[in-house]
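Hello,

Here is the structure I said I would pass on. Please open it first, then read my notes below.

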Amino acid sequence: MIDHANPRELIDLGYLQDTLHDEGFVTELYPKSLESPSNMLMVAFPPSSAIVNHHSRLQLLFLQTADLVQQSSLLQFFAWVETELPTDHPEVEHFIHFLNQRTALGAFNIGADQHLQYRYVYAFPRTDVPKAAPFMEIFRVVIHQFENYGALVLKLAEGRISLAEAKSTVTY
């Protein structure tokens, strides 16, 4: 098992932090500590984001898989909204299932704490530093899907749109 304080992870996350800064994103790197169980990079959603008013977060961290995956590094994109969703809302669950059948990358779910979550795992060769252009391409898709489709889930949960309206706005 890889040590969570792996200096290579910090180097790769630092490189991604620089890449994101160059693209105008605000980030903060958290090395493993008592407060942070693993190295992670937090990325703020742009102020113009449809989801930013719901106290959303995006976290990048390496999954510890050396005992399972030998040749690849797995970088998890994990986004969530701190707004609590209703506990019994079958239309929201139906819509999340509908989205997960149509999204290009990743999957939505409702966590045990009733918060909307989105997760995608990006793989790249363990021996390489992540390449800026392919990383940014995937990053933009992840952000787009979470901002746009996540906002629809929240509107549906709040009763501001119907299930039919939510479904009609989903493009492939």
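**What covers helix α1**

The buried residues of α1 are covered by elements that include β1 (27–30), β2 (40–43), β3 (56–62), β4 (72–84), β6 (115–125) and α3 (132–157). Bear in mind that this is a predicted model.

Which residues of α1 are buried? They are E9, D12, L13, G14, L16, Q17, T19 and L20. An α-helix has 3.6 residues a turn, so residues three or four places apart point the same way.

The length of α1 also checks out. The helix runs over residues 7–22, which is 16 residues. At 1.5 Å a residue it should span 22 Å, and its end C-alpha atoms lie 23 Å apart, so the two agree. Just after α1 comes G24, with a positive phi of about 95°.

**The whole chain**

The chain has 4 helices and 6 strands. From the N terminus their order is α-β-β-β-β-α-β-β-α-α. The radius of gyration is 17 Å, close to the 16 Å that the globule rule gives for 172 residues, so the chain is as compact as a globular protein of that length. Its C-alpha trace spans about 50 × 30 × 30 Å along the principal axes.

Of the 172 residues, 47% are buried. Take the contacts between residues at least 6 apart in sequence: 62% of them join residues at least 24 apart.

Now the surface and the charges. The chain exposes about 9000 Å², with 55% of it supplied by carbon and sulfur atoms. There are 11 positive and 20 negative charges, and their mean positions are 5 Å apart.

Best wishes

Notes:
Residues are numbered from 1 along each chain as its sequence is written. This is a predicted model: local features need pLDDT of at least 70, side-chain atom pairs count only at pLDDT 80 or more; totals for chains, interfaces and linings use all residues. Side-chain values use heavy atoms; hydrogens and water are left out. Helices (H or I, at least four residues) and strands (E, at least two) are DSSP runs, numbered from the N terminus. The expected span of a helix is 1.5 Å times one less than its number of residues. Buried means under 20% relative accessible area, exposed over 50%, partly exposed in between (1.4 Å probe, protein chains only). Contact means heavy atoms within 4.5 Å. The radius of gyration is taken over C-alpha atoms; the globule rule is 2.2 Å times the number of residues to the power 0.38. Accessible areas come from the Shrake-Rupley method with a 1.4 Å probe; for residues, only the protein chains shown count as cover. Lys and Arg count as positive and Asp and Glu as negative; His and the chain ends are not counted. The place of a charge is taken as NZ of Lys, CZ of Arg, CG of Asp or CD of Glu.
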